[in-house]
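Work through the exercises below with the sequence and the model open, and try each task before reading its solution.

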Amino acid sequence: MSAAQAAPRVKPTSLTFQDLLFRLQRFWAERGCVIQQPYDVEVGAGTMCPETFLRVLGPKPYRVGYAQPSRRPADGRYGENPNRLFKHTQFQLILKPPPVNVQELYLESLEAMGIDLKHHDLKFEEDNWEWPAGGAWGVGWQVMLDGLEITQFTYFQQCGGLDLDPICAELTYGMERIAAFLQDVDSIYDIVWARDPDTGAVVTYGDVRLAEELQFSVYNFELAEVPRLWEHFNSFEAEAHALLEKASALLADENASPEAKKRFPLLPTYELALKCSNLFNLLDARGAISVTERVGVIGRIRNLVVGVAKAWAMQQLLASSG
Amino acid sequence: MADFLLEIGLEEVPARMIAGAEAELGRRVSDLLKRERLLAPEAKTTTYSTPRRLAVLAEGVLAQQADIEEILTGPSWQVAFKDSEPTPAAHAFAKKAGVAVAELKKVTTSKGEYVGATMKRTGRTANEILAAELPKEALTIYWAKNMYWRAGKPERFVRPVRWVVALMDAAVVPLEIAGIAAGNVSRGHRVLHGEAPVVIDEARNYSKSLRGAAVIVDVAERRQIIRKALDAATRTVAGARWREDEALVETVVHLTEWPSVILGDFEPEYLALPEEVLVTVMRDHQKYFAIEDENGKLAPHFLAVLNTQADAEGAAIIRHGNARVLRARFKDARFFWDMDQKTPLAERMESLKSVTFQKELGSYYWKTEQNLAVASALASALKSVDFPFSEEALFKAVELAKTDLTAELVKEFTELQGVIGGLYARAQGLGERVALAIYEQYTPGSTEGEIPVSVEGQLLGLADRIQTIVAMFGIGSAPTGSKDPFALRRAANAIVKILAEAELPLTLGDVINASGAEGENKALVEAFLRERVHFYLKDVRGFAYDVVNAVLAAGADDVRDAIARAEALTAARGSEDFVAVSAAFKRIKNILRQAEEKGYQPTEPKLSQSPLEAIDLWQRTKELAEQVAKLREQRAYSEALAAIATLRPAVDAFFDKVMVLDPDATVRGAHLGLIDRVQRSFSTIADFSEIVTG
């Protein structure tokens with residue numbers, strides 16, 4: 001037998017899932033970040049929230065962090081797979097513009113979660129990111145801790161088809177992975193979410209979320225009604241389109257007042273586009289979108305998302321100039 | 001003489017790009033120094049890199065360019081001086097050259113006499129030149145993917161530049177790259193050294209200073225450390241060996257600044273998963289090395305290359321963490337494997353209808369039907385010559401070949417397409433021949449790869465690829481220039497390689513005919529494949545280009561035959577007689593071309609009025625042609641070429657004594673008829689006139 005068996009026992013962290021989140025939020029709050037609450041519309045990734053997607057446009061500096069539940073219907077496994085979830089928690093951080101010591105800050109944030117880097121192997125491995133439907137891409141790394149990808153670190157270059165200037169750094173921490181790793185549990189559902197300080201009684205991730213994983217898997221894979229999903233999709237798309245048309249006419253209209261332009265509801269328009277994106281993911285999980293159709297539908301979502309981004313950038317320009 | 005050091009400090013550069021960039025930086029620095037006359041003849045340039053830095057050390061750099069004198073030429077002497085008196089033109093020139101009029105002198109050139117001025121140019125300092133030129137050089141390094149990071153987007157580079165060290169011996173060279181002023185402070189290993197500045201006291205101490213900060217800047221040294229550490233860790237398992245993987249070694253060399261290796265274990269129960277899946281997870285997904293036992297079978301261990309040096313506690317944590325990740329991945333793979341078994345391959349055919357092969361062509365269901373038609377034509381060709389293979393297994397394999405595209409495990413490990421189908425076919429009891437053919441359908445994946453070992457696998461591979469090529473050509477998607485989005489060249493290379501290296505009695509023509517290609521499309525595909533045969537002979541097999549041209553001029557259809565001819569021809573080139581005969585063939589070709597241009601017609605070689613040498617050549621040709629034809633039939637090409645070489649005395653004597661283009665039309669026609677016959681008789685193996693003899 002190899003030397004591996006004789007190794008000393010590894011001591012798991014006593015920090016709970018929520019402790020880890022608290023620590024991350026506090027760490028970044030102390031470095032000048034706004035700590036936002038999760039966005040209340042279904043998204044596939046923290047990037048899609050307006051706090052990232054729209055904030056990164058334009059010149060205005062911004063620093064924000066939030067724990068965003070992210071839905072990927074096709075990844076659901078009825079709560080049976082210990083490593084895969086329909087909905088996972090991304091701690092999403094935007095630093096615009098990125099400070100020169102952004103990597104060092106990131107490493108400090110790991111230490112803040114109780115990770116002693118002296119006892120771990122850390123690598124930044126190339127991993128570029130792209131969201132074609134959002135006209136967004138960036139370059140960066142997957143951060144590997146002892147062979148586990150714990151963070152996606154991206155320097156955004158483009159968003160909504162627009163070049164970013166300044167750029168921003170986006171850090172996306174995979175909270176379930178980090179917690180399972182630090183608590184040394186083999187199943188996400190065994191993660192300790194909270195511990196009663198008086199009794200020591202624990203509430204696990206499974207206690208909190210298992211039913212949701214099971215029931216959403218059943219809905220996403222078996223019961224979501226395809227024609228109705230399409231109906232919803234078409235309806236949200238139509239409304240978003242109508243708003244976008246009004247927006248572009250208004251923003252281009254030299255006689256329209258700056259006030260009229262500033263109050264135009266682009267944020268709600270963006271929500272409608274997000275709805276379409278989530279419906280697309282549901283349809284995809286239902287196997288209702290053929291490969292040929294796929295490109296076309298992604299193109300329709302892209303039109304909305306990029307349309308909003310462009311209008312938003314213009315609206316922001318007006319707001320800052322007047 | 002001084003030593004110059006440049007280090008560009010970066011955030012982690014992608015491993016795949018480092019080696020190229022390191023070499024390019026070295027080249028750029030050394031070219032710049034040479035161009036600016038700053039490099040001593042005995043100078044030496046060494047390059048270094050880690051994920052966080054590119055560096056170059058030039059030893060033997062001059063602090064300053066040597067002063068030079070040059071003569072500036074001005075207006076003609078007559079214009080500048082009238083009656084020995086300087087004109088305004090002379091004054092203007094002296095002013096421009098920065099000398100007194102009295103210092104102007106006469107310069108005599110081939111064009112006449114001119115006014116000249118000797119100008120002294122003081123050499124610029126190395127610092128001045130480096131500050132002005134080096135940043136541009138550094139920022140033009142090629143990167144496969146760039147980014148910008150500073151506001152206003154002043155430059156693009158692979159990752160943000162965070163520090164710059166530029167030293168001439170101990171002195172900082174005042175230059176600035178991407179807004180960062182150079183200094184003498186570098187950075188050490190992120191964790192082992194931390195954020196304390198690493199001062200480089202002297203350029204030549206670069207490597208030593210960084211070693212003190214837990215960074216090995218020499219790539220070759222890191223490679224050696226890693227290989228030794230892999231060996232050492234493996235020795236703790238009796239009889240074990242780590243699986244050599246050069247590409248993976250290179251990757252981890254460029255992912256580490258201070259490498260070490262740990263050995264980890266996984267549960268032996270996972271060895272029940274196919275080795276292909278285990279290795280893909282370890283190598284491609286986790287960058288671990290696999291370990292095999294004395295019989296070459298996978299052992300339940302892995303080797304991870306770390307970018308740190310951990311103590312016992314750290315090593316235990318790291319080993320535990322890596323093993324945990326690997327176990328989760330294996331567990332996933334097993335989950336997918338089990339899930340996939342619930343729907344056997346045979347039941348997956350229908351679902352191929354919703355997997356697009358190509359939008360304008362159809363689904364993989366369509367593709368499978370097409371492949372079946374091609375395979376059955378190939379099968380007929382083999383049956384007609386009683387070539388042994390299992391037709392039943394072939395058709396089954398073709399039918400199921402693409403069904404693994406719907407398997408979860410393939411969605412997870414796309415690089416194992418085909419391999420997983422083959423493994424499933426075996427597990428589902430479809431027979432070894434069927435399983436093997438599906439398994440190896442995508443081999444060879446490159447010109448270095450092995451061809452399928454089974455005849456059914458070879459046929460499936462041929463049918464699938466030629467169908468793709470013909471269909472893609474049919475919708476106007478042939479490769480153009482460097483654009484080959486559907487990798488059709490790779491597909492064609494594989495066809496050629498299979499025909500060349502398998503024992504199949506098939507020619508390119510057979511394969512193209514089996515595809516049902518017609519008309520113009522067929523001609524295009526033929527030309528395309530012929531080009532790939534040329535590539536295969538020249539670039540894969542390494543035959544000389546003239547040998548390849550000569551051989552292919554006599555036919556490219558039978559690939560193995562072309563190789564045999566090329567081998568014989570390559571060997572024959574060593575013979576002096578053969579080279580002389582080749583030269584004679586070139587001459588024949590030229591004469592025939594001239595004759596054609598002048599409208600001279602070759603006639604039947606009636607040689608009654610011809611010189612003896614012509615008659616002799618005619619006799620030798622007749623005798624030899626018969627012999628050569630027989631040898632060609634037997635594919636005894638070396639013997640055939642040796643026979644052709646014996647033509648030398650006759651052909652030499654003929655050209656010595658006979659004027660082919662005789663003024664007499666009858667004689668001339670007969671001569672032309674003779675050499676035409678010579679050429680035709682001996683051009684079935686190769687067109688010898690293509691051979692470079694000079």
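**Exercise 1. Determine what share of chain A is buried, and judge its overall dimensions.**

Step 1. Of the 322 residues of chain A, 43% count as buried, where a buried residue has 20 or more other C-beta atoms, placed from the backbone, within 10 Å of its own.

Step 2. This is a predicted model, in which local features need pLDDT of at least 70 and side-chain atom pairs count only at pLDDT 80 or more, while totals for chains, interfaces and linings use all residues. Residues are numbered from 1 along each chain as its sequence is written, and chains are lettered from A and ligands numbered from 1 in the order in which they are written.

Step 3. Chain A has a radius of gyration of 21 Å, which agrees with a compact globule because one of 322 residues would have a value near 20 Å; the radius is taken over C-alpha atoms, and the rule is 2.2 Å times the number of residues to the power 0.38.

**Exercise 2. Describe the side of chain B that touches chain A.**

Step 1. In the model, 46 residues of chain B are in contact with 38 residues of chain A, contact meaning C-beta atoms, placed from the backbone, within 7 Å.

Step 2. The elements that give two or more residues to this side of chain B are β16 (260-265), β18 (298-306) and α9 (312-341) of chain B, helices (H or I, at least four residues) and strands (E, at least two) being DSSP runs numbered from the N terminus.

Step 3. The largest share, 14 residues, comes from α9(B).

Definitions and conventions
Two residues are in contact if their C-beta atoms, placed from the backbone, lie within 7 Å. A residue is buried if 20 or more other C-beta atoms lie within 10 Å of its own, exposed if 12 or fewer, and partly exposed in between; C-beta atoms are placed from the backbone.
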